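Work through the exercises below with the sequence and the coordinates side by side, and try each task before reading its solution.

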Amino acid sequence: DVYAAADSLAEAGYRFKKKPDEGRMKGLAFVYDADGYWVELVKRGENSGIANDCNFSQTMLRVKDPRKSLAFYKALGMKLLSEKHFNDFSLYFLGSSNVADGADTKTLFQPVLELTHNHGTENDDDFRYYNGNEDGRQGFGHIGFLVDDVYKACDALRPLGFGFRKEPDGGSMKGLAFAYDPDGYSIEIIKRGGIDFGDALQE
């Protein structure tokens, strides 16, 4: 219930960018968290079977060229579940490989990645998005992927040509990488089960 969730957050003192009945799109809301990030409240799909009042549903990234971004995230094992096209923007929803093809993202318990493309940005050579890690503009940090083999995952991304913030053997933390996606967002690539630092177990 978006309205009940919004009322609860408003009573707790949180500010809203958009309340459920404001603007053209009724029944959804954007609330500011403690750091000013936007948190979207969306009505869950019918017959989801999810008992929680709220569940973390999606992370949205703005992208310049969806063709490049879709190829990048598919190389990390994601699949395109759905896409929506409007007059001046498009939305692409990607899920992990174990999500059923065409799954309704509003009935999933696990989160998906939402890519938002504002039409025309792909044709502007000078256009770029802030990635959240620039000097003086730190905010968004990264999203992360668990993989069986960090080195193989990096090798799969390398031909795409977007580079790495940290190679698997770079720096003091070996076997962990940060790749750049097509828009310069940092993507952490982590060994499933954790990194082995060679520490001895202390009884």
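**Exercise 1: Strand pairing around β11**

Phe178 has Glu188 in β11 as its bridge partner. The model is a predicted one, in which local features need pLDDT of at least 70 and side-chain atom pairs count only at pLDDT 80 or more, while totals for chains, interfaces and linings use all residues. Residues are numbered from 1 along each chain as its sequence is written, and side-chain values use heavy atoms, with hydrogens and water left out.

Task: Determine which strands pair with β11, and in which direction each pair runs.

Solution: Begin with the terms, where strands are DSSP runs of E with at least two residues, and helices are runs of H or I with at least four, numbered from the N terminus; two strands pair if DSSP finds at least two bridges between them. Next take β10 (residues 177–180), which is joined to β11 by four bridges and runs antiparallel to it. The hairpin of β10 and β11 has five residues between the strands, and there Gly184 adopts a positive phi near 85 degrees. Then turn to β8 (residues 142–147), which runs parallel to β11 (residues 186–191) and is joined to it by six bridges; in this pair, Ile143 stands opposite Ile187.

**Exercise 2: The whole chain**
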